[in-house]
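The stops below are meant to be taken in order.

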Amino acid sequence: MRDIAVVAFSQSICVADAGAVNEVELIMPQLQAVYDQLGLASAQDVDFVCSGSCDYLQGAAFAFVAGVDALGAVPPIRESHVEMDAAWALYESMLKIRMGHADSALIYGFSKSSPGELPIVLSQRLDPYYLAPLWLDIVSLAALQARMLLDRGLVSEREMAEVVVRSRRNAMANPQAQLAGEVSVEALLAEPAFVAPLRRTDCCPVSDGAAAMVIATVEQAQAWGKPYALITGIDHRIENHNPCLRDLTDSVSTRQAAEAAGVAGGAVDIAEIHAPFSHQEILLQRALGLGGDTVINPSGGVLAGNLMMASGLARVGEVFRRIVAGEARRGVAHATSGPCLQHNLVAVLEGV
Amino acid sequence: MAELAAVVGIGQTRYKTRRGDVSMAGLLREAVDRALVDAGVEFADIDAVIIGKAPDMFEGVVMPESYLADALGAVGKPMMRVHTAGSVGGSTALVAASHVQSGTFKRVLAVTYEKQSESNAMWALSTPQPFAVHLNAGAGGYFAPIIREYIRRSGAPYNVGIKVAVKDRLHGARNPLAHLQLPDITEQEVEDSMMLWDPLRFLEACPSSDGACAMVISAADSVTGTKPPAWIRGGAMRSEPTMFAGREEVSPRAGRDCAADVYAQAGITHPRKDLDCAEIYVPFSWYEPMWLENLGFAGEGEGWKLTMEGATSLDAGGDIPWNCSGGVLCSNPIGASGMIRFAEAARQVRGDAGNHQVEGARLAMGHAYGGGAQFFAMWVVGADKP
């Protein structure tokens, strides 16, 4: 199988409300940024384009169609779209390169969640016959999961607060972060419950924005002459949808994906984990088999800024950035989708 | 470099206006179970599941693949959701094929559906967006002016669309799965039906259907089942924006480029001669002559002549039958419609198309388009292993 490298990445500064800026205007600066990193003129300079977005966040059928406007008009391009986080657009693009139909691919994800109430919108992602009619929102579902972890003694509220403290602190060095700063565990624990046992600080913010990435064969990456990181393993697995039919205190699909991606095949210097709620970071760290030697979420993770439909791709991008900057030799990126971590993707990146 | 892949199992539901007797999962399982039986495999033999459908608003369920994972046997496996507008059925087949052609998996399940009776597609397509052309009247209203421009340029007689409407319904009468069953339809009846979007009459438009279509795609060394495999000889996708200055809307370049790509992969130099039949996305009658030209089956301005001569009709013994299954004009569960085209092309080269079989078909094309005729997905399948 052909070796595939990440060669460029950019993401928006996470903001709670991008105002009058539309989706295309959110995407275009990120595309331009990755073109600039590689000296490309436009999307015509890559062989394949794939994006991830969700119609419902925009409140329109075919909302992603306008995204194509960000790519230029003629000639027509080889292009595809997943109604998923763009981490899965990365996966589809890698298949295209592996089969020899492309040597390079542009991937982007975007959303503008601010016009709607995201937790309520996503409640309509639940089983339409049994769960969606309850209007069970995703924060409440995550709270149920946290409650199970606490009740079984697998996680403590203090540990959850420590995750938030580290996220905010790491985010101080991340210019794209939405929430950053020095906070103390005690101050966090003194906060009132939001959806018990979750405090507001245990929940990710909702951010408007986009992220873009370029991947290529090693030959193409070398021809561009820019530093790159190899994707040495990638896999994703899904679990049963119904929260009553799986163990919410574990992430079996993450374990399966981590094994298939070869996470345990070497030391992991850094990991970017897509954990929208503090307790999920602890749970996922265990499922990924990561020990104390691994720096978790050096960017602050999605607790510091959460670009819906692009956060998973951004995790891969963050690991890439640190590897090419020489801060890490081998890293793990994780993306999640669905209520209570239903679907998980794991990628291993290595420097050359 | 791509690994060889083939369709080894196909399953479809019967298409109809409303399937109130089954859930979405139940609808999908009808098609999936049939595809697995056709391939002689079980869920345990499937490595990954790739699902496609048109906008989530058509049923009112956000990213429904999450809820469908269990019913589709995807638990513990990779599952991917494709959405490329009306072309999604074709795109999903191609994305599924890439799971095998990349050498990553041995056998995958591809499935697409639409349960349009759950919601109202006309409404779902008409939510206004800032700074975008507002569509109050659904897809027909969008395409009618483009069709009128085709008629103006080509000088085609007024009844070409009527002829297509009758031809595809007679084809559909041979296919027990087709939604519209109109074995006695006449040109007069089509002409007398209500004008919806001039020049498109009621009977020149596709129905709105519930239904699902599934395929099992295997690597060459993992072929199963008792029927011959349909070898994937080429696959291509192209996209262009909905609007830009100077856009050729009658014969979009994305369609022409996509066809040229897939023909080159399959070694096709003369599509009308080299292909035995084709399943082409024709939701409105006039798109048959327009796509005949766009896809190179006829020269510019000449497509309508093939239609009028009966070249695309199985009943008239035409040399290049189009949409022997009845096509989109007979059944249109939107998210599945593209995959039905791809699957029906595969049925033809497997010699398994029942009463709408083209005698001795060896090479067939499947085609799908979506959005403002801006997203294209195509494949060519053959009986002969390349």
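This is a predicted model: local features need pLDDT of at least 70, side-chain atom pairs count only at pLDDT 80 or more; totals for chains, interfaces and linings use all residues.

Residues are numbered from 1 along each chain as its sequence is written, chains are lettered from A and ligands numbered from 1 in the order in which they are written, and side-chain values use heavy atoms, with hydrogens and water left out.

**Stop 1: chain B**

Select helix α3 (residues 88–101) and helix α13 (residues 334–349) of chain B, whose axes come within 5 Å and cross at roughly 60 degrees. Helices here are DSSP runs of H or I with at least four residues, and strands are runs of E with at least two. Axes are lines fitted to C-alpha atoms, for helices over the stretch in contact, with angles from 0 to 180 degrees between N-to-C directions. Now show the contact (heavy atoms within 4.5 Å): α3(B) contributes B:V88, B:G89, B:G90, B:T92, B:A93 and B:L94, and α13(B) contributes B:G335, B:G338, B:M339 and B:F342.

**Stop 2: chain A, helix α11**

Move to residues 311–324 of chain A, helix α11. Just after α11(A), select A:G326, which has a positive phi of about 80 degrees.

**Stop 3: A:T294**

Select A:T294 in the loop between α10 (278–287) and β10 (295–296) of chain A. A:T294 is buried, at a relative accessible area of 9%. A polar atom of its side chain lies 2.7 Å from the backbone oxygen of A:V268.

Key
The expected span of a helix is 1.5 Å times one less than its number of residues. Buried means under 20% relative accessible area, exposed over 50%, partly exposed in between (1.4 Å probe, protein chains only). A polar contact is a pair of N or O atoms within 3.5 Å; within protein, one must be able to donate a hydrogen and the other to accept it, and residues adjacent in sequence count only if both atoms are side-chain atoms.
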